[in-house]
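Here is a short briefing for someone opening this model for the first time. It starts with one residue and then turns to the whole chain.

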Amino acid sequence: MSIDIRHVSKYFGDFRALNDVSLEVASGELVALLGPSGCGKTTLLRIIAGLESSDAGHILFSGADTTDVHVRERQVGFVFQHYALFRHMTVADNVAFGLRVKPRRLRPPEAQIKAKVHELLSLVQLDWLADRYPSQLSGGQRQRIALARALAVEPKVLLLDEPFGALDAKVRKELRRWLRRLHDELHVTSLFVTHDQEEALEVADRVVVMNHGQIEQVGTPQDVWEHPATPFVYGFLGDVNLLRGRASAGQLQVGAWQIDAPEHGDALDAEAMAFVRPSDLLVTPYTAGAPGLAAQLDRALLVGPLARLELVPNDQPDQILDAHLPADEFRRSGLHEGDTVLVSPRKARVFLQPATNEPLGDPAAMI
């Protein structure tokens with residue numbers, strides 16, 4: 001089932017949670033709604049489910065307007081962050097719940113319900129826990145049971161709100177791989193909400209980056225990572241260094257750096273900013289007269305195959321630049337904390353400061 005979100009807006013008092021949001025989700029697609037807390041992603045998910053009403057706009061399922069259709073009739077499965085399992089029911093009874101509460105004329109026979117429950121528990125690889133209670137399960141097991149319960153009613157659309165947010169990092173990583181494999185098997189049109197960039201980029205077919213109730217960018221994980229459309233997207237997706245300077249005739253001057261910015265060839269002494277990922281910073285031993293920004297290596301942290309460096313520019317002592325190098329490359333460089341180095345960007349993305357002159361802040365503030 002396809003989902004067509006058309007010009008949806010939502011207010012809570014004076015607060016505008018969603019501002020004219022439009023999005024199309026193809027049948028069988030797995031889409032991530034990604035953004036910081038308060039950006040509107042959960043509100044949008046609840047409006048799609050029918051748990052919340054919009055103040056303007058329409059929601060269409062496969063071309064049919066469902067804006068005023070009751071949640072019970074939308075054929076939507078919903079998985080919450082905190083499982084929402086019934087503690088007094090066994091695993092099997094939790095999964096069967098949605099089938100057993102159907103109107104009598106629509107309710108399958110009990111033997112068919114039990115067969116369906118066994119099939120779903122096998123699908124989520126937990127059939128051996130059918131007689132256990134939620135309190136006897138791990139967090140990862142509870143979330144898989146919650147997903148099995150949502151699938152029991154054979155939803156046309158599956159909605160997941162921070163499904164792995166309450167789990168530790170290792171379990172989260174295992175479950176998102178499992179969710180991707182499960183989706184490839186079932187092909188249920190799915191949307192999941194997350195503020196975890198890695199989760200969205202690893203699991204989704206497409207990523208919808210949201211901020212302040214609006215969509216900043218929609219694209220494949222590779223698209224949004226390699227070609228961020230706005231400063232917010234660049235700052236939100238992973239670690240990044242933000243550098244401010246002035247752009248003229250296709251060049252951005254940032255201290256001792258001159259960064260090519262051919263997309264801004266018409267700029268004339270305009271305020272601008274450059275985003276440089278830590279992996280795109282080249283760090284070499286200092287040589288007098290060599291091109292680059294002189295900086296002090298303030299801290300070097302080797303974590304597995306990666307060396308994480310904190311650099312303080314000599315002419316900007318209040319700023320810290322982050323650089324990531326392969327650990328072997330760092331060892332071969334012979335650099336040590338306290339050394340003076342030269343820093344230059346292999347690649348940077350330049351944006352002009354908005355005409356409103358509103359400060360965009362640093363990436364940490366954006367997040």
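Arg180 sits in helix H5, which covers residues 169-186. Helices here are DSSP runs of H or I with at least four residues, strands are E runs of at least two, and both are numbered from the N terminus. This is a predicted model: local features need pLDDT of at least 70, side-chain atom pairs count only at pLDDT 80 or more, and totals for chains, interfaces and linings use all residues. Residues are numbered from 1 along each chain as its sequence is written, and side-chain values use heavy atoms, leaving out hydrogens and water.

**Around Arg180**
- Arg180 is buried, at 17% relative accessible area; buried means under 20%, exposed over 50%, and partly exposed in between (1.4 Å probe, protein chains only).
- A polar atom of the Arg180 side chain lies 2.8 Å from the backbone oxygen of Val203.
- Arg180 is in contact with Leu30, Val203, Ala204 and Asp205, leaving aside neighbours within four places in sequence. Contact means heavy atoms within 4.5 Å.

**Fold of the chain**
- The protein chain has 10 helices and 20 strands.
- Its C-alpha trace spans about 85 × 45 × 35 Å along the principal axes.
- Of the 367 residues in the protein chain, 47% are buried.
- Take the contacts between residues at least 6 apart in sequence: 66% join residues at least 24 apart.

**Surface**
- The protein chain exposes about 18200 Å², and carbon and sulfur atoms supply 49% of that area. Accessible areas come from the Shrake-Rupley method with a 1.4 Å probe.

Conventions
Polar contact = N/O pair within 3.5 Å; in protein donor to acceptor, adjacent residues only side chain to side chain.
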